[in-house]
Amino acid sequence: MSVLRLIFNIAWFVMGGFLMGLAWWLAGLICFISIIGIPFGRACFVIGEMAFWPFGNEQTNRRNVKGFEDIGTGVLGTIGNVIWFLCFGIWLAIGHLTHALACFITIIGIPFGIAHLKLALLTLAPIGQTVVPKRV
């Protein structure tokens with residue numbers, strides 16, 4: 001199963017994953033300019049890694065992983081997600097949606113389009129989320 005995952009990840013990387021991963025990392029670098037943006041930047045780098053290699057990984061709420069709420073999963077996380085979406089999220093969502101539409105043109109691209117749609121949903125509210133390996 002891991003060989004198939006590797007093949008999908010390599011094909012993904014070539015067919016748009018590289019560009020979207022760089023877009024996430026660029027957003028992270030811009031966030032690191034201010035001290036207030038550091039939590040946003042950290043989230044960008046974690047999710048950017050998933051944007052490079054999405055197959056075999058999934059996003060989940062940090063509350064589910066840690067077992068308790070933290071700053072990012074509470075009210076401050078919700079406020080942060082609204083600010084995030086207005087500044088960066090909408091642009092990353094447009095990028096993922098554009099790549100998804102391009103992937104849906106061919107039958108072979110459908111799994112890649114679905115992965116782009118999952119990442120587009122993640123751009124709406126990345127604060128309080130983390131990336132974990134998929135359980136088989």
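**The core and what surrounds it**

Analyst: Happy to. In this predicted model, the largest nonpolar core holds 21 residues, and those touching the most other members are W12, W24, A27, W84, L92 and L119. Helix 1 (2-31), helix 2 (38-52), helix 4 and helix 5 (110-124) each give two or more residues to this core. Helix 2 supplies the largest share, 6 residues.

User: What does L119 touch, leaving out residues up to four places away in sequence?

Analyst: L119 touches W12, W24, I47, M50, A51 and H96. Contact here takes heavy atoms within 4.5 Å.

User: How do you know that the span of helix 2 agrees with its number of residues?

Analyst: The expected span is 1.5 Å times one less than the number of residues. For the 15 residues of helix 2 that gives 21 Å, and the end C-alpha atoms are 21 Å apart, so the two agree.

User: Which residues of helix 2 are buried, and what covers them?

Analyst: The buried ones are F40, G41, A43, C44, I47, G48, M50, A51 and F52. Their cover includes helix 1, strand 1 (57-61), helix 4, helix 5 and strand 2 (129-133).

User: How does the end-to-end distance of helix 4 compare with that of a straight helix?

Analyst: Helix 4 (residues 75-103) has 29 residues, and a straight helix would reach 42 Å at 1.5 Å a residue. Its end C-alpha atoms are only 36 Å apart, which is short of that value. Helix 4 also bends by about 60° at F85.

User: And what is the reach of helix 5?

Analyst: Helix 5 has 15 residues and reaches 22 Å from its first C-alpha to its last, close to the expected 21 Å. Its buried residues are F112, G113, A115, H116, L119, A120, L122 and T123. They pack against helix 1, helix 2, strand 1, helix 4 and strand 2.

User: Why is L124 called partly exposed?

Analyst: Buried means under 20% relative accessible area and exposed means over 50%. L124 has 41%, so it is partly exposed. L124 sits in helix 5, and beyond its neighbours within four places in sequence it is in contact with N81, W84 and F85. L124 and L86 are 38 residues apart in sequence, with their C-alpha atoms 9.3 Å apart.

**Aromatic rings**

User: What makes W24 and W84 a stacked pair?

Analyst: The whole structure has 14 aromatic pairs. For W24 and W84, the ring centres are 5.8 Å apart and the planes are at 15°, so the pair is stacked. The limits are centres within 6.5 Å and, for stacking, planes under 30 degrees apart. This pair links W24 in helix 1 to W84 in helix 4, 60 residues apart. Both W24 and W84 are buried.

User: Why are F55 and F112 called edge-to-face?

Analyst: Their ring centres are also listed at 5.8 Å apart, but their planes are at 80°, so this pair is edge-to-face. That label takes planes over 60 degrees apart. F55 lies in the loop between helix 2 and strand 1, and F112 lies in helix 5, 57 residues apart. With a relative accessible area of 3%, F112 is buried.

User: Which residues form an aromatic cluster?

Analyst: F13, F18, W25, F32, F45, F52 and W53 form one cluster. F32 lies in the loop between helix 1 and helix 2. Its relative accessible area is 36%, so F32 is partly exposed. Not counting residues up to four places away in sequence, F32 touches I38, G41, R42 and F45.

User: Is C44 buried or exposed, and what about C103?

Analyst: C44 has 1% relative accessibility, so C44 counts as buried. C103 has a relative accessible area of 6%, so C103 is buried too.

Note on methods: Residues numbered from 1 in each chain as written. Predicted model: local features only at pLDDT ≥ 70, side-chain atom pairs only at ≥ 80, totals over all residues. Heavy atoms only, no water. Helix = DSSP H or I, 4+ residues; strand = E, 2+ residues; numbered from the N terminus. Bend = angle between axes of the 7 residues up to and from the residue. Core = buried A, V, L, I, M, F, W, Y, C linked by side-chain atoms within 4.5 Å. Buried < 20%, exposed > 50% of the residue type's maximum accessible area, 1.4 Å probe, protein only. Phe/Tyr/Trp six-rings, centres within 6.5 Å; stacked < 30°, edge-to-face > 60°.
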